[in-house]
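Reader: Please take me through the model by its definitions. I would like each label set against its cut-off.

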Amino acid sequence: MQLIEISDLVVDHDPGTRERLPVRGADVVARLVAAGDRGGARIAAGLACDDDGNLDPLAVDRRLVAVHTELQRLSEELRLGDRIAELLRPLLAVIRAAGHTDGPLRVVDVGCGLGYLVRWLAASGALGPDVDLVGVDFNAALVTEAGRLARAEGLPCRFVRGDAFALDEPATVYVSTGVLHHFRGDDLDAFFAAQATPGTAAFCHFDIAATGLAPIGAWVFHRARMRDPLGRHDGVMSARRAHDDETLLAAAAHADGLTPLVYEPRGRSNPFCTTLRPVIGVRPDLLPPLRAELGPGPSGRLVGRADTVGGTRQGASAGEGAA
Amino acid sequence: MNALLLAALALVDAAFAGFRAYTGRDGRIRKSKRALLAARRGLAVGAPALLLSAALAVTLLVAAADRGARYAELDAAAHRMLLCYAPYAVIVALSLVCYLWGPFRAGTLAVVVGLGPLTLVRPLVVLAGAVAAAWGSLPAASVAAVAAVGVLVVEPFVHRRWYAEPV
């Protein structure tokens with residue numbers, strides 16, 4: 001069975017103009033049926049269509065905003081903000097110390113959705129006042145809602161609709177949460193390759209850890225926490241689509257000049273605690289000070305390809321050698 | 001005593017049910033006041049439901065020919081119900097302590113193996129308690145049925161009344 005998320009099918013844009021294109025409801029259902037996903041097809045068949053059989057864009061947007069708002073609850077419960085701040089704080093500290101950027105440090109959240117991570121970082125002040133927090137997403141409805149929520153709370157962050165890798169000013173650090181599993185093969189390689197811009201010092205992309213427990217845990221968690229069947233369907237599918245560590249490290253190696261590492265890799269950590277964990281890329285000169293800044297415990301959780309291949313550990317510093 | 005402990009559990013559960021009805025509907029970051037409001041709404045819905053089952057129990061007691069025997073029958077049913085709910089409540093409380101005051105990895109553990117699955121099985125635990133209470137006693141069965149329905153309707157009612165759309 002091909003693994004497809006319904007939310008990936010219900011919105012389409014012209015890649016050149018970014019203008020929204022109509023999506024036929026029957027086509028969405030047919031793709032899910034062809035993928036062997038009859039449950040997903042039933043959910044898609046319930047989406048509102050106009051007289052021409054195209055999905056009602058306003059209804060789709062409302063549904064996606066509602067689903068992402070429910071999804072935010074999971075990020076809150078899994079303390080996603082704390083998790084990313086645990087790594088971004090020392091990472092930005094060593095970037096500051098190394099003088100890697102002339103202007104403000106810029107953290108760009110790729111595929112930010114409702115921008116929970118950016119808004120949490122802005123609200124908590126976890127990264128310091130000199131960090132420009134930007135959320136970017138292609139979906140206009142989600143970006144608009146993210147901006148509305150940020151304004152409602154007066155948070156110092158901003159949201160942009162478009163391509164995160166084509167901003168006027170590149171990111172010092174690219175981050176994302178729950179985005180990687182949407183890319184496969186060459187697209188995943190290209191995602192990482194796009195981050196090898198001169199001004200970029202690092203990336204830190206969180207996604208579901210591809211453990212055997214992940215799909216079961218995702219089913220329990222989404223069943224218990226989410227009401228919308230579309231959100232439940234896509235949540236479980238996300239866990240089933242999660243990439244293993246080797247795939248992520250191989251793809252991350254396409255970001256030229258950045259050393260790829262996984263934090264808390266599969267097989268090294270308690271799968272109940274490590275439901276989400278990042279693949280990281282850093283400029284090689286930043287890696288020793290980053291390890292020092294993290295301290296001996298957390299630094300040991302940061303491993304590269306040489307550490308993960310065959311599941312044998314070759315020393316805490318092998319990540320540097322893997323570059 | 002059994003009835004009082006059950007009533008206390010039902011009220012705490014109603015407050016959490018109100019909270020759950022609200023969560024996932026508000027995208028803001030700072031929302032503790034709104035979460036407390038939702039918990040109060042849960043209480044406001046749960047308390048009348050609890051009063052209804054209490055009123056039914058009192059009516060059955062007053063109407064009984066042998067009030068002492070009826071009281072003992074209902075108290076025994078309440079005790080059986082409590083034996084079902086107390087372990088669940090203790091595990092939930094321990095998970096919450098771990099989630100709220102533990103380091104964030106411990107919090108994740110509490111959510112993944114505790115609070116998430118516990119929320120999922122909650123309706124089954126409520127029904128199991130009602131069946132245990134109803135076992136061999138028709139008057140207790142009617143009170144337990146009203147109480148169980150009252151407990152289970154709080155979250156969907158609060159959700160539909162106040163949080164049908166994202167706020």
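**Interface and sheet**

Author: Between chain A and chain B about 2,800 Å² is buried, 59% of it from carbon and sulfur atoms. Buried area here is the accessible area, taken with a 1.4 Å probe, that two parts lose on being put together, summed over both. This is a predicted model, in which local features need pLDDT of at least 70 and side-chain atom pairs count only at pLDDT 80 or more, while totals for chains, interfaces and linings use all residues. Residues are numbered from 1 along each chain as its sequence is written, chains are lettered from A and ligands numbered from 1 in the order written, and side-chain values use heavy atoms, with hydrogens and water left out.

Reader: How many residues of chain A and chain B are in contact?

Author: Contact means heavy atoms within 4.5 Å. By that rule 34 residues of chain A are in contact with 30 residues of chain B.

Reader: Why is the pair B:Glu155 and A:Arg227 called a salt bridge?

Author: The term requires a side-chain nitrogen of Lys or Arg within 4 Å of a carboxyl oxygen of Asp or Glu. For B:Glu155 and A:Arg227 the N to O distance is 3.5 Å, and the pair counts as a salt bridge.

Reader: What is the N to O distance for B:Lys31 and A:Glu76, and why does the pair join two chains?

Author: Their side chains meet in a salt bridge at 2.5 Å, N to O. B:Lys31 lies in the loop between helix 1 (2-22) and helix 2 (32-63) of chain B, and A:Glu76 is in helix 4 of chain A, so the pair joins two chains. Helices (H or I, at least four residues) and strands (E, at least two) are DSSP runs, numbered from the N terminus.

Reader: What makes strand 5 and strand 10 of chain A edge strands?

Author: In chain A, 8 strands form an open sheet of mixed pairing, in the order 5-4-3-6-7-9-8-10. Strand 5 (158-161) and strand 10 (302-303) of chain A each pair on one side only.

Reader: How do you know that strand 4 and strand 5 of chain A pair?

Author: Two strands pair if DSSP finds at least two bridges between them. Strand 4 (residues 131-137) of chain A is joined to strand 5 of chain A by 4 bridges, and the two run parallel. The bridge partner of A:Val134 in strand 5 of chain A is A:Arg158.
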